[in-house]
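Please read the numbered points alongside the sequence and the model.

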Amino acid sequence: LKDQQKQQHSISPTFQGVQDVDPDGYVTAVDDESESGVTVVVLVYETHVTSCHKIFEVIERLSHQSSMKHVRFLSLKASKFSQTLDLAALPSVLIHQLGKLIANLTRITRDLPKNYQDNDVEELLKSYIEVSIPNIVSSIAKAETSAFLSGSDGYDLSENDSD
């Protein structure tokens, strides 16, 4: 599995920084990365919510670390996303892989130590990302096997002897 991860990372696109998006940009980014295997981490925040300030800064720093270069980081201002979102749910982090939501960390600060540091956030994010990699590899293998057996994606399993 480690070899598969290394191979995937060697051909995966790399990113740096946090891209601020609106709801359409969020959907587009998740869709754009749905087949690449790139993890998309979205911080849902609001500038006037104090607990969002520190996590925003941490996410920004993590987005520049080489250990996170294959993760696409986005930020989405909650008020652009929903006028009815309860601010008590912020900051929230959504993690997507292969177009699927694999983690919804509502009020992420509850899952971190009181005086959390960058490495605490990185470990938390990686725990969700790494747990899902075997599931994703398994899903890809099952999909490829299914496509092969069904004859789709260019495979022709019909016994077409036209002699």
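**Salt bridges and a buried strand residue**

1. Arg 72 and Glu 33 are both buried. In this predicted model, their side chains form a salt bridge, with an N to O distance of 3.0 Å. The two residues come from distant parts of the chain, 39 residues apart: Arg 72 belongs to strand β3 (residues 71-77), while Glu 33 sits in the loop between α2 (23-32) and β2.

2. The whole structure contains 4 salt bridges. One of them joins the side chains of Asp 118 and Arg 61, at 2.7 Å from N to O. Asp 118 is in helix α5 (residues 118-150) and Arg 61 in helix α3 (residues 50-62), so this pair ties together parts 57 residues apart in sequence. Asp 118 is buried, at 18% relative accessible area, whereas Arg 61 is partly exposed, at 41%.

3. A further salt bridge links Glu 122 and Lys 126, whose closest N and O atoms are 3.2 Å apart. Both residues lie in helix α5; because they are 4 residues apart there, about one helical turn separates them. Glu 122 is buried, with a relative accessible area of 12%, and Lys 126 is partly exposed, with 24%.

4. Val 41 is located in strand β2 (residues 39-45). With a relative accessible area of 2%, Val 41 counts as buried because the cut-off is under 20%. Beyond its neighbours within four places in sequence, Val 41 has contacts that include Arg 72, Phe 73, Ile 95 and Leu 125. The C-alpha atoms of Val 41 and Ser 63 are 9.8 Å apart, and the two residues are 22 residues apart along the chain.

Note on methods:
Residues numbered from 1 in each chain as written. Predicted model: local features only at pLDDT ≥ 70, side-chain atom pairs only at ≥ 80, totals over all residues. Heavy atoms only, no water. Buried < 20%, exposed > 50% of the residue type's maximum accessible area, 1.4 Å probe, protein only. Contact = heavy atoms within 4.5 Å.
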